[in-house]
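Subject: Structure handover, with notes on its cavities, pockets and salt bridges

Dear colleague,

Please find below the structure that I am handing over to you, followed by an account of what was found in it.

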Amino acid sequence: MVGDYGIKYNFFAVVVSLDKFVELLFLLLFSPVLIILGFIYFSNFLLHIYKRKVNLKENYLSQSWDNGRRAVAHLWDMYGTVWHGYEIHGMDKIPEGPGLIVFYHGAFPLDYYYFVSRLYLRTGRFCCTVVDYHFSKIPGIKLFYNVEGLTHNGRTECTDILKRGYLLGVLPGGTREALFSDENYDFLWGSRTGFAHVARDAKVPVIPIFTKNLREGYRTLGKIWPFKWLYERTRWPIVPIYGGFPVKFCTYIGDPIPYDPNISAEELAEKTKSAIKDLRDKYQEIPGSIQRALLERFEKHLEK
């Protein structure tokens with residue numbers, strides 16, 4: 001009888017331990033997603049408060065929304081500063097007037113949100129953003145989506161944004177690069193040249209940008225074949241992302257690539273990719289190391 005009780009007790013203990021392990025695994029894999037979603041929803045909440053307080057209507061890119069945008073920018077900049085010791089190097093390289101800003105796409109493009117927030121706070125320059133179609137389908141963030149100048153509507157609208165004098169940010173690697181690149185920082189752009197067509201159509205320079213340690217902050221399980229198999233057949237971005245490690249993020253801005261009517265969109269796309277690779281090779285040790293990136297939080301850098 002005592003032996004049966006002991007067996008039952010041990011079995012119950014194993015079940016409880018497995019349950020805790022599953023909970024821990026769930027938190028490890030999905031807490032970064034939940035945290036980022038929380039910041040997005042809180043940003044949306046702040047904008048709703050501002051909208052009701054000032055009694056604003058649409059025309060989301062007008063100056064009447066500037067104070068609301070500034071509050072959201074402070075929120076993201078604070079997160080970047082506290083959690084990743086975020087820095088930007090080369091901000092003075094961004095030319096006056098419209099331009100197409102091109103980033104490497106990490107598992108989470110948090111560096112991009114940190115960048116546009118700090119750019120806005122430091123210079124007052126607002127940057128619209130091309131996002132994945134799936135992002136636009138997240139429920140309950142419509143106001144954030146509109147006020148922050150996000151779009152997924154393609155080449156014509158992107159060209160129009162630039163012709164209206166705004167900066168426009170794009171991450172050509174998209175979901176594929178986010179989910180299936182790794183600590184070697186491979187570029188998975190395929191034959192994507194749409195952003196180069198937009199830059200040529202709008203006759204604007206391209207500004208190449210790379211963020212050091214981006215893959216050490218957040219990584220994916222994209223190398224596990226069932227996730228890649230599912231993505232290739234459904235295009236559903238359901239690959240688990242883990243991490244949220246407080247590693248050092250440093251964004252480096254390269255020399256602008258001026259508008260040149262004599263080069264094709266394909267040549268411009270390749271030139272842009274080479275420029276971002278040069279930044280990667282200059283500033284990023286490959287393969288990336290989470291331990292090394294954590295230690296860099298204690299190093300002093302001169303932001304400029």
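Which residues lie nearest the centre of the largest cavity? Before the answer, a word on the source: this is a predicted model, in which local features need pLDDT of at least 70 and side-chain atom pairs count only at pLDDT 80 or more, while totals for chains, interfaces and linings use all residues. Residues are numbered from 1 along each chain as its sequence is written, and side-chain values use heavy atoms, with hydrogens and water left out.

**Cavities**

The largest cavity is lined by 15 residues, and those nearest its centre are Val116, Ser117, Phe126, Cys127 and Glu148. Two or more lining residues come from each of helix H2 (66-84), helix H3 (110-123) and strand E3 (127-130), where helices (H or I, at least four residues) and strands (E, at least two) are DSSP runs numbered from the N terminus. By class, this lining divides into 10 nonpolar, 2 polar and 3 charged residues, with Ala, Val, Leu, Ile, Met, Phe, Trp, Tyr, Cys and Pro counted as nonpolar, Asp, Glu, Lys and Arg as charged, and the others, Gly among them, as polar.

The search used a 1 Å grid over the protein atoms alone: a cavity is a set of points where a 1.4 Å probe fits but cannot get out, a pocket is an open set with protein on both sides within 12 Å along at least five of seven lines, and lining residues have an atom within 4 Å of a point. Grid points are joined across faces, edges and corners, and a volume is the space filled by probe spheres set on the points.

**Pockets**

The largest pocket has a volume of about 1400 Å³, and among its 44 lining residues His105, Val131, Asp132, Phe135 and Thr175 lie nearest its centre. The largest share of this lining, 5 residues, is supplied by H1, and the lining as a whole has 32 nonpolar, 8 polar and 4 charged residues. The second largest pocket, at about 180 Å³, has a lining of 4 nonpolar, 5 polar and 2 charged residues, with at least two residues coming from each of helix H4 (142-147), strand E4 (150-151) and H5.

**Salt bridges**

The whole structure contains 12 salt bridges, each defined as a side-chain nitrogen of Lys or Arg within 4 Å of a carboxyl oxygen of Asp or Glu. One of them joins Asp77 to Arg118, with the closest N and O atoms 2.8 Å apart; this pair links distant parts of the chain, since Asp77 is in helix H2 and Arg118 in helix H3, 41 residues apart. Both Asp77 and Arg118 are buried, where buried means under 20% relative accessible area, exposed over 50%, and partly exposed in between (1.4 Å probe, protein chains only). Arg280 and Asp281 also meet in a salt bridge (3.0 Å, N to O); Arg280 counts as buried because its relative accessibility is 12%, whereas Asp281, at 48%, counts as partly exposed.

With best wishes
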